Amino acid sequence: MILRYIILFLMVLITVSASPVEVINRLDQSTTELNTLSGVPGTFVSARGFSDIITSHKPYYNADRQKMVLYVGEHRIKLSAGTGFIMVGEQVYQMPVHSVLQKDDIFLPAEAFFQIIRSTIMPGIVYDGDRHILDIALVSFNITGVNIDEKANGTILRIQTRKVFDERDVSTFKHDNGWFYVTVKGGIVDTTAMKRSKTRGVIRHISADQMDESVQLAFQLRSEIEGHEFYQNSDPSELVITLRTPLSKSANRIKSVKDRWRLDTIVLDAGHGGKDGGAVGKFGTKEKDITLDITKRLGMLLEKNTNIKVVYTRDEDVFIPLYKRPKIANENNGKLFVSVHANSNPNRNAKGFETYLLRPGKTDDAIEVASRENGVIRLEDRDNDPYAELSGANLIMATMAQSMFMKESENLASIIQAELDKRIDSKNRGVKQAGFYVLIGASMPNVLVECGFLSNPNEERNLKKASYRQKIAEGLYSALLSFKESREQVLAEG
Ligand SMILES: [Zn+2]
């Protein structure tokens, strides 16, 4: 009993002591603090502080009349101390608690004040009174979440939008890997809200990706769907997608999804070959030989210790054009594509290993590596050019097709980095992104590994050693196994 009073007392103390409200701007993830009034129960926030955070326009204050005007965009918010009334534009709103004057500042009851602001001029703000967090989305998201309804014969996705999109800008796609994709051109997604959305029905997991000019929403399915339809509501503004599930789930159908999902074939791509030697070290070591050797060692480990089928894009010193490599992978029903390379840099000190994903390059370094690896195209004899220029819209298209495997590719890339890090004594340069032709068109998760720098004499010496290459192969081998395990874990849960 006494304990209960102590807890009550502590709770009162906690309410009265004033901790500032943390303000998060989701546009740049910056945080600031908003002052609150101490010594009173409940949270009262500073009007001046709020004004400072959302606008550079200084508030107007009349000390005699204890009135203040905030200027938010083209809106005026009129406040007066000691009342529950505030005016937004010409509308009067009433708060259940009176505002408080303190040192030329008006403190407003947080919950009520933010509710009024949210419903009038700033729909993007969210106040969490329990956690003392004010979330301001100064960026204007136009895709703000998804509500999922479960029905007897299916699941309805209601994607909340702040505008009506042209239906031609919305595409939906159900992939054999058990994910359903929605791409919205011109969309700006609130990824935080999207990830917070509750999963239900046939939806196991939601992920949202903001690309340069479009949004990709991915919904992982718990079971097979028979079909899907899409239409758009203008009021409320939402994209509605119905996913039809069979009334009686057929065990066979689920099994066949599992079989397609099972990681039974891995495609290993030894970079370069034949007339394309790739990078060359000071001691004459050729990238094409290093990559072929590592790939063969890796293939051997897989063939000896697992029942995974290994497909090589090349298993000897021959020239294979870049565009043919993912083609080989697709034709062999590959479930994973790993391209192995060695790096080179004008800076001889550069060293370490890094794993790339196909995506527009973020750094000059990444772009440089991509243009070097893509450079082989000059050596290819071509009648008609299979390579669209890899920039702008083309790269976006290529990466969009890719992004259905992006989550898995990211996952694989980070496992590879971790496993190599455990085994070889060099620098972990992390997971990077760039536009690689060799990764375009592979209908499976795919990565490109740069095992080390031939331009660095020390690293070249290492790469020349069979024992060092074996360690790299072993690192890649355990990465692939652990990736397979985590992927098939999902099956076991299903
Ligand atoms: Zn290369």
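A residue is taken as buried when its relative accessible area is under 20%, and by this criterion both Glu-354 and Lys-432 are buried in the predicted model described here. For Glu-354 the relative accessible area is 1%, a value under the 20% limit, so the residue counts as buried.

The side chain of Glu-354 takes part in a salt bridge with that of Lys-432, with an N to O distance of 2.9 Å. This pair connects distant parts of the chain, since Glu-354 belongs to strand β24 and Lys-432 to strand β25, 78 residues apart. Glu-354 also meets the side chain of Arg-429 in a salt bridge, for which the N to O distance is 2.7 Å. Because Arg-429 lies in strand β25 (residues 428-434) and Glu-354 in strand β24 (residues 353-358), this pair ties together parts of the chain that are 75 residues apart in sequence. Arg-429 has a relative accessible area of 18% and is therefore buried.

In total, 18 salt bridges are counted in the model. Among them is the one between the side chains of Lys-335 and Asp-264, with 3.0 Å from N to O. Here too distant parts of the chain are linked, with Lys-335 placed in the loop between α7 (324-331) and β23 (336-343), Asp-264 placed in the loop between α5 (251-261) and β21 (265-270), and 71 residues separating the two. Lys-335 is buried, at 14% relative accessibility, whereas Asp-264, at 33%, counts as partly exposed. Elsewhere, salt bridges join Asp-149, Arg-158 and Glu-238 into a network.

Polar contacts were examined in the helical parts of the chain as well. Arg-487, which lies in helix α12 (residues 466-493), makes a side-chain polar contact of 3.0 Å with Glu-408. With a relative accessibility of 7%, Arg-487 is counted as buried. At the start of helix α11, a side-chain oxygen of Asn-456 comes to within 2.9 Å of the backbone nitrogen of Asn-458. Helix α11 itself spans residues 457-464, and Pro-457, Glu-459, Glu-460, Asn-462 and Leu-463 are buried in it. In an α-helix there are 3.6 residues a turn, so that residues three or four places apart point the same way.

Most residues other than glycine have a negative phi. Gln-66, by contrast, has a positive phi of about 55° although it is not a glycine, and its place is in the loop between β4 (60-62) and β5 (67-72). The relative accessibility of Gln-66 is 31%, and this residue is accordingly classed as partly exposed. Asp-104 likewise has a positive phi, near 60°, without being a glycine. The loop that holds Asp-104 runs between β9 (100-102) and β10 (105-109), and the residue is partly exposed, with a relative accessible area of 43%.

Notes. Residues numbered from 1 in each chain as written. Predicted model: local features only at pLDDT ≥ 70, side-chain atom pairs only at ≥ 80, totals over all residues. Heavy atoms only, no water. Helix = DSSP H or I, 4+ residues; strand = E, 2+ residues; numbered from the N terminus. Buried < 20%, exposed > 50% of the residue type's maximum accessible area, 1.4 Å probe, protein only. Polar contact = N/O pair within 3.5 Å; in protein donor to acceptor, adjacent residues only side chain to side chain. Salt bridge = Lys/Arg side-chain N within 4 Å of Asp/Glu carboxyl O.
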